[in-house]
Amino acid sequence: MKKSCIAMLLAGGQGSRLYALTQNVAKPSVPFGGKYRIIDFPLSNCANSGIDTVGVLTQYRPLQLNSYIGTGQPWDLDVTDGGVYILPPYLGPGEQGSWFTGTANAIYQNMAFIESFDPENVLILSGDHIYKMDYAKMLQEHLEHDAACTIAVLQVSMEEATRFGILNLGEDGFVNQFEEKPAHPKSDLASMGIYIFNWPKLRKYLIEDENDPESSKDFGKNIIPKMLGAGEKLWPYRFDGYWRDVGTITSLWDANMDMLSTTLINLYDPAWPINSRSPVCPPHYVGEKAEVIHSIVTEGCEIDGHVENSVLAPSVRVAEGARVVYSVLMPGAVVEKGAVVEYAIIGENTVVEANAHIGAAPDGSADWGVATCGPDIRIRSGAQVPAAAMVYTGEEV
Amino acid sequence: MMRNYHGIIFAYHSHPELRELAAARTAASLPFCGRYRLIDFPLSSLRNAGILNVGVIMQRDYQSLLDHISSGKAWDMSRKSGGLRMLPPFGLPEYHTGDYNGTVEALNAVSTYIQSIEEDWVILLLGNLCANIDLQAAIRQHERSGAEATAICTDHTPVGEHHRLIPGQDGLVERLSLYREGDGEGYASLEGYIFRKDKLLEIMDRCRSENLFLFHRNALNLFLADGGRMAIYVHSGYANAIKTAEQYYQVSMDMLLPENRRQIFPPDRPVRTKTHEEVSTYYGEEAVARNSLIADNCILEGEVENCILFSGTRIEAGAKLRNCIIMRGCTVGRGAELDCVIADKYSDFASGVRLTGNPKLPVVVPKGSKI
């Protein structure tokens, strides 16, 4: 059955700048915003945009991601003639196949999957962005401009522009130059790493790029410049909603804090639900002495302590006398009596024992940062974890 | 072992004492504890024991039940063979227009279904019982006993009227004491029974020919009079059936006690339910919540104490709620004050509204009210 557009979701990255949080899981399956994992955003966007076929390219630590995605049912992606497919690297006869060596190579190695749907267009997505976007609108512009490739762009400040891939436009409004992290940006349109390609065109450039020994097999570094060089029509699709890359501890913490504001990104909109695979837990319980202020809390939590400006995932426990402030607590995290967690991220099922102290409020110093405790560890009773610290095993504190 | 058991859930009761709560639903589909329906308890108990072939007996007002249960997927009962079957009264004569006169009549109305059951044993469960019963343990004990039937009982004293089963010296049920309240001899029945299917069909048939409808008064007494051997399994956790609005209120409020929740929601026997995809609950700058159970997708700006909030409720700043049960999609406006109120789904309370009930007589606000 011919498809107008299918999506390929790049979910194989390690997310090494999330350190302890991605020791055992791929970045897209890092918990986010209370109920979600990062990958819920692109998957839900696909389903809401009417894209019912999604290939998820996995490579690094895929176990949890595989079981999380399952049949795709939570995102209504369990459909016949499509659905969500986990695509790991694979070997073929002889010397064929290898680990994915770059974003473009990952798609190249899965060309047979794409061809099986005979799509007119392919949407390329990253598994580490938080945003709500109607890909159908982007596809419409792509078709209206008869583009070989349409790139979603976000207007950023000129200072920020030095940290992004920047698109420069010609007078006709099409892209005429792509610069990766330019020192002196000529435009403020940053690529969001979201592309729609005309599939026959992309196919041609993927094969060419694969045969280029100099190429690093990357969309931003190789495919887009090659297409520009060949005079293809590249259209910028302007997006003006909320969008965050959550590739670092600071950006992950920041974006979680953004979830406390419904004006930045409204997750309560029934017309654009962000779905997730959530365990069935009882409603959360707040005890007689609990105080919960300006926070989001979800099912299965038991709160007897003080929670302020924080994001709590399912089944978090905050004991009486504990304080959780400006922090992100991932599923099953426990903060015992008298412990303090401030400006911190606590990994899944990690226990902060009584009277331990994690993190510190910003003091204006340059080396201040969010403290992070990895998943499945115990922070010993009374231990001190300073600001900006990264705890992997709990033994180090 | 579990492959030889088949579940039957009685979901047809629409107790009038539930008042407006049962206006368009049966007791089994009462919303409960922020996100559940009462029938989730028997369905989950069966599922957690690995019993996936289940019939649900219903009669009228079953739209909400059908919506909730759907294919049975939430309990893994959407199977290629077997699985969940909804049982409307297809076996009733056409002149029968009223409610079932009793459980035996309900069983007889679906007797062709029961005859078609391939398993040798059936487990009968109430659809409106709030209890997390370990059926695996019950079956183990049943099989050890060698009895033809096992009654699932509690050693607690349930709220409201109930039947008691009094064991003889051999530990098997000797006699029944019907329609009791408070403490008494023997054990209170939770109206859950494991029965040899052939024996159950035999008693159903006898009751039909003698025009008898009642399960305990008629069928069980016949069974015992015939020398039927019925063992007793004592469920020791929380258990209460809900038949009146006051019981609904009391049992709901019981869930605020951590010990009761531990017994109702043990991690190794989760209570499963249809999942609505929801977002987290947001607490505003001025929100105050104490001793309350709060489901997802609420926006809480006001004060709640001793409350149960279902998903999608909005409590605006300055609103004060005490001892309330607020169901899905309700809005409580600025400065409204509610005490001992059960607000059915999608009710709105305008700013400044005051409404006070009493734990023995909670105010029941019908679904979709605008106050």
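The model is predicted, so to speak of local features a pLDDT of at least 70 is needed, side-chain atom pairs count only at pLDDT 80 or more, and totals for chains, interfaces and linings use all residues. Residues are numbered from 1 along each chain as its sequence is written, chains are lettered from A and ligands numbered from 1 in the order in which they are written, and side-chain values use heavy atoms, with hydrogens and water left out.

**Stop 1: the domains of chain B**

Select residues 5-264 of chain B as domain 1 and 282-365 as domain 2, bounds that come from an automatic or database domain assignment. Taken over C-alpha atoms, the centres of domain 1 of chain B and domain 2 of chain B are 33 Å apart. Their contact (heavy atoms within 4.5 Å) takes 20 residues from domain 1 of chain B and 23 residues from domain 2 of chain B.

Between them the two domains of chain B bury about 1,700 Å², with 68% of it on carbon and sulfur atoms; buried area here is the accessible area (1.4 Å probe) that two parts lose on being put together, summed over both. On the domain 1 side, pick out B:Gly34, B:Tyr249 and B:Leu256, which lose the most area to domain 2 of chain B and together give 37% of what that side buries.

Next, show the side chains of B:Asp344 and B:Arg25, which meet in a salt bridge at 2.9 Å, N to O. The count between domain 1 of chain B and domain 2 of chain B is one such bridge, defined as a side-chain nitrogen of Lys or Arg within 4 Å of a carboxyl oxygen of Asp or Glu. The count of residue pairs in polar contact between these domains, both residues at pLDDT 80 or more, is three; a polar contact is a pair of N or O atoms within 3.5 Å, where within protein one must be able to donate a hydrogen and the other to accept it, and residues adjacent in sequence count only if both atoms are side-chain atoms.

Colour β2 (31-32), β3 (36-37) and α8 (245-254) of chain B, each of which supplies at least two residues of the side of domain 1 of chain B that touches domain 2 of chain B. The largest share of that side, six residues, comes from α8(B). Helices (H or I, at least four residues) and strands (E, at least two) are DSSP runs, numbered from the N terminus.

**Stop 2: chain B against chain A**

Now show both chains, where 34 residues of chain B are in contact with 34 residues of chain A. Chain B and chain A bury about 2,700 Å² between them, 50% of it on carbon and sulfur atoms. Across this interface the rule finds three salt bridges, and one to select is that between the side chains of B:Arg261 and A:Glu302, at 3.2 Å, N to O. The count of residue pairs in polar contact between chain B and chain A is 21, both residues at pLDDT 80 or more. On the chain B side that touches chain A, β14 (281-283), β15 (288-290) and β16 (292-294) each supply at least two residues.

**Stop 3: inside chain A**

Among the buried residues of α9(A) are A:Trp253, A:Asn256 and A:Asp258.

Finally, centre on A:Thr53 in strand β4 (residues 53-57) of chain A, a buried residue with a relative accessible area of 0%. A polar contact of 2.9 Å joins its side chain to that of A:Asp52. Leaving aside neighbours within four places in sequence, A:Thr53 is in contact with residues including A:Lys3, A:Asp81, A:Tyr85 and A:Phe117.

Definitions and conventions. Buried means under 20% relative accessible area, exposed over 50%, partly exposed in between (1.4 Å probe, protein chains only).
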